[in-house]
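Visitor: I am new to this structure and would like to learn how to read it, one feature at a time. Could we look at it together?

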Amino acid sequence: MLAMYGYRVVVCEAHEHPGGAAHGFERKVKGVGTFRFDSGPSLFSGMSAPSANPLRQVLDSVGEAPEWLPYDRWKMYLPGDKLFDVGSGDAAAFGRELARVSGDAAEADIFNRLCAANAPLGELIAAVPPIALRADVGAAQTLLPYFGKMDPLSGLSMVMSGISPSAPFSDVLKAGRVPESSLTGWFFDFLAFALQGLPASATQAAGVSFMMREFFAPGAVMDYPKGGSGALVDALLRAVEKRGGELRLRTRVEGLTVDNAGRCIGVGLKGGEHLDARVAVLCNVDVWNTASTLLPEEWRPKVKGSALDVVGDAQTPLDCGSASTASLDGLDLASLGVHHITAADLRAPIDARDNLVFISIPSALDNTAAPEGYACISGMLGEKVFSAASSW
Ligand SMILES: Cc1cc2nc3c(=O)[nH]c(=O)nc-3n(C[C@H](O)[C@H](O)[C@H](O)COP(=O)(O)OP(=O)(O)OC[C@H]3O[C@@H](n4cnc5c(N)ncnc54)[C@H](O)[C@@H]3O)c2cc1C
């Protein structure tokens, strides 16, 4: 977007592929063909049509996009051989599915109560793009232009029920009187974990509330980028390069240069080169490394009140433990859908080690992901990621 607004942009990327956690990679197998894997994200929503999703809004602004392949359900495998069919775009059907899987008709009502409790925050998010929501002292300034579009009654009912966008999503669960032991309570703890790697009690309400509103809107679908997450990265890269911006791969930033007034005026690169920044440096390195290695030592104590505080008070752990192992023997990979999630124990904390495993089979949806007759599989086991290829 900076390139679109006429700034000269240089992207310094330490890795050999662009895209960070979302980069894609390929493996060629002699005599078989090319398999394509996603290193990280595979679940996207609000991408195939204009929506409040900030990523969709960025792509719309820069006029680039991959082709999106929509689908409307994923499968969850719960203890006791229970198959939970999670469908988007139909809240009533989801309530019925919760009741069926749990064997408790009350689950549909619990879910309805949660939807009602979430609605005021959802309204707020509909009025304010998530891109403008922030939890620091600048929040009021960013929100100001949107106040006119907000429904004052929604805002009031949100405040009355004790919900705030930057407070944990567990406050919304409380406002909806969702019992912790219910399947509804478990599912939304899971959703918070799937979105941010933390339980609902440690995940900002704004993100989960946004996802909930988007996911259950009538007719809503999930989207997979044809060509994988790498195709999405390529679209963003085209937006930079077609406007004269430059990507430098294998270019590690070793330090941020800060002047006496506290302005970041450049970066020092591995190998000794220094790049001056005429306007600004945007640092997309994770907060832990930014605060502990890139920022000059004398500035480190001075970041109080900023997002970098998460390092100091250890509120944001660096890893998540929920993990498991999976055997793919005997599966009919051709007829399975794209996303599968297993849970070993619904009573254990959602981030308990060895509890969840996420598996995606992009080739079930995207015929460019693997040669004819083959499947590619990516999995996430806690902080570990695996990729595999198999014939049907
Ligand atoms: C396994 C996995 C599965 C996920 N699944 C989903 C999903 O299904 N849906 C979803 O929406 N999200 C998902 N996510 C989250 C999503 O991928 C991330 O939130 C998002 O990609 C983060 O993007 P980012 O640009 O903020 O950071 P990053 O992707 O971490 O980018 C940071 C970049 O900075 C580079 N870098 C670091 N240090 C330096 C340095 N010193 N000099 C130069 N470059 C440096 C890194 O190489 C990297 O490219 C998943 C994440 C993972 C890991």
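This is a predicted model: local features need pLDDT of at least 70, side-chain atom pairs count only at pLDDT 80 or more; totals for chains, interfaces and linings use all residues.

Visitor: How many helices and strands does the protein have?

Guide: The protein has 11 helices and 16 strands, and of its 392 residues, 43% are buried. Its accessible surface comes to about 20300 Å², and carbon and sulfur atoms account for 55% of that surface.

Visitor: What share of the contacts between residues at least 6 apart in sequence join residues at least 24 apart?

Guide: That share is 61% in this protein.

Visitor: How should I read a sheet?

Guide: In general, the strands of a sheet pair through backbone hydrogen bonds, and the pairing is either parallel or antiparallel.

Visitor: How many bridges join S10 and S11?

Guide: S10 pairs with strand S11, which spans residues 264–269, over five bridges in the antiparallel sense. To find a place in this region, look for Thr 257, which stands opposite Gly 266 in S11.

Visitor: Which residue could I look at in the loop between S10 and S11?

Guide: Asp 259 lies in that loop. Residues under 20% relative accessible area count as buried and those over 50% as exposed, so Asp 259, at 22% relative accessibility, counts as partly exposed. If its neighbours within four places in sequence are left aside, Asp 259 is in contact with Ile 265 and Trp 299.

Visitor: And how is the packing of two helices described?

Guide: Two packed helices are described by the angle between their axes and by the distance between those axes. In this model, helix H7 (residues 183–196) packs with helix H8 (residues 205–216) at an angle of about 110°, and their axes are 10 Å apart. Angles from 65 to 115 degrees count as roughly perpendicular, and H7 and H8 are therefore roughly perpendicular to each other.

Visitor: Which residues of H7 and H8 meet?

Guide: From H7 come Phe 188, Leu 191, Ala 192 and Leu 195, which meet Gly 207, Val 208, Met 211, Met 212 and Phe 216 in H8. Sorted by class, this contact of H7 with H8 has eight nonpolar residues, one polar residue and no charged residues.

Technical notes
Residues are numbered from 1 along each chain as its sequence is written. Side-chain values use heavy atoms; hydrogens and water are left out. Helices (H or I, at least four residues) and strands (E, at least two) are DSSP runs, numbered from the N terminus. Buried means under 20% relative accessible area, exposed over 50%, partly exposed in between (1.4 Å probe, protein chains only). Contact means heavy atoms within 4.5 Å. Accessible areas come from the Shrake-Rupley method with a 1.4 Å probe; for residues, only the protein chains shown count as cover. Two strands pair if DSSP finds at least two bridges between them. Axes are lines fitted to C-alpha atoms, for helices over the stretch in contact, and angles run from 0 to 180 degrees between N-to-C directions. Angles under 35 degrees count as roughly parallel, over 145 as roughly antiparallel, 65 to 115 as roughly perpendicular and the rest as oblique. Ala, Val, Leu, Ile, Met, Phe, Trp, Tyr, Cys and Pro count as nonpolar, Asp, Glu, Lys and Arg as charged, and the others, Gly among them, as polar.
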